Protein chains: 2
Amino acid sequence: MDALKNRIITDGKILDGDILKVDSFLNHQIDVTFLNEIGTAFKERFKDCEVTKILTIEASGIAVGCATSQFFNYCPVVFAKKGQAKNMGNDAYHAPLHSYTRGADFVISVSKQYLSENDKVLIIDDFLANGEALKALISVAQQAGCELVGCGAVIEKAYQPGGDMIRSKGIRVESLVRIKSMSVENGIEFCQ
Amino acid sequence: MDALKNRIITDGKILDGDILKVDSFLNHQIDVTFLNEIGTAFKERFKDCEVTKILTIEASGIAVGCATSQFFNYCPVVFAKKGQAKNMGNDAYHAPLHSYTRGADFVISVSKQYLSENDKVLIIDDFLANGEALKALISVAQQAGCELVGCGAVIEKAYQPGGDMIRSKGIRVESLVRIKSMSVENGIEFCQ
């Protein structure tokens, strides 16, 4: 997705610690118009698929998930919660998640009533690096007996193992851009 | 907003502990079509206002904020983060926040670069009860020197003090539905 590459080059910032900061348009300040382009791009990648539900994770996945839903007949978006809020009830699917960004371990939770074996689920998230978030979401979808259509990530750090690890399990993963290498000194290089 | 009252009556669940569970369409599973109706309703309430930025808070405010943005010329949505992620940097506005739902204290953070004194800010959130989240967001907007257009809440528990407390400071608060009373035994009564 060339528009996304250009946006990352223009507005992204590479920080020490292998951080690509895109919070001017994706995950702190949100460019809603641009998100619609992102949703369109996911539709293009998964146009051969029937999707009845989008599954994502708070917080950064929510906006991307909702934007993408518009192009899949406004299907419901379910976002996994980190931890267990008082108002969630006990009837939930859980999976462990380690967040490298926050340096903490979570359990993610999704109420059982919002995923069923009749659902064809597209998992959406903003970043794919070590694949921890996607792995946890895949686990939830599998616990629910859903048909997993695939996973869509806005930005994949292809030099980290998450994407290939998930693909090696036979799960379809589509990333709108894939980063081959990245450093403060040399900038960013995308995969072809 | 009658459609929202009907949706709450149909799909909402009142639980012990003064909890109104609307996670089938608003804050766990998201009905994206219905969110557009909610965004339309906020536009109707604030149609006299120029809005350059929507400010909300993770996680439940994000979807509502993005849906509302569409009706204010797709203005950027900034969501406050709970805590301080590694990739945020130190140049942020902070405000304290007590979450009754989670029974915990947070600091919320918004990067300084995404709010300025030139911004006309509409604050959006899903629930207004004790007003803790809105108070924290108002503090952030004021620290940034923004013009605060007002606050929009999807559901206000009008029997709790948050809404009136904020209005008493001369800040405009528009809630799409206001709940007069609520109990497991007697159900829900809306304000006129």
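Author: A crossing is called left-handed if the near helix is turned anticlockwise from the far one by less than a right angle, and right-handed if clockwise. This is a predicted model, in which local features need pLDDT of at least 70, side-chain atom pairs count only at pLDDT 80 or more, and totals for chains, interfaces and linings use all residues. Residues are numbered from 1 along each chain as its sequence is written, with chains lettered from A and ligands numbered from 1 in the order in which they are written.

Reader: Which hand has the crossing of α2(A) and α3(A)?

Author: Helices here are DSSP runs (H or I, at least four residues; strands are E, at least two), numbered from the N terminus. The axes of α2 (residues 32-45) and α3 (residues 60-69) of chain A come within 8 Å and cross at roughly 60°, where axes are lines fitted to C-alpha atoms over the stretch in contact and angles run from 0 to 180 degrees between N-to-C directions. The crossing of α2(A) and α3(A) is right-handed.

Reader: What kind of axis relates chain A to chain B?

Author: A rotation of 180° with 0.0 Å of shift along its axis superposes chain A on chain B with an RMSD of 0.0 Å, by least squares on the C-alpha atoms of residues with pLDDT of at least 70 in both. That is the relation of a two-fold axis.

Reader: In β5(B), which residue is the bridge partner of A:Ile30?

Author: β3(A) and strand β5 (residues 77-82) of chain B pair in the antiparallel sense over two bridges, pairing being counted if DSSP finds at least two bridges between strands. The partner of A:Ile30 is B:Val77.
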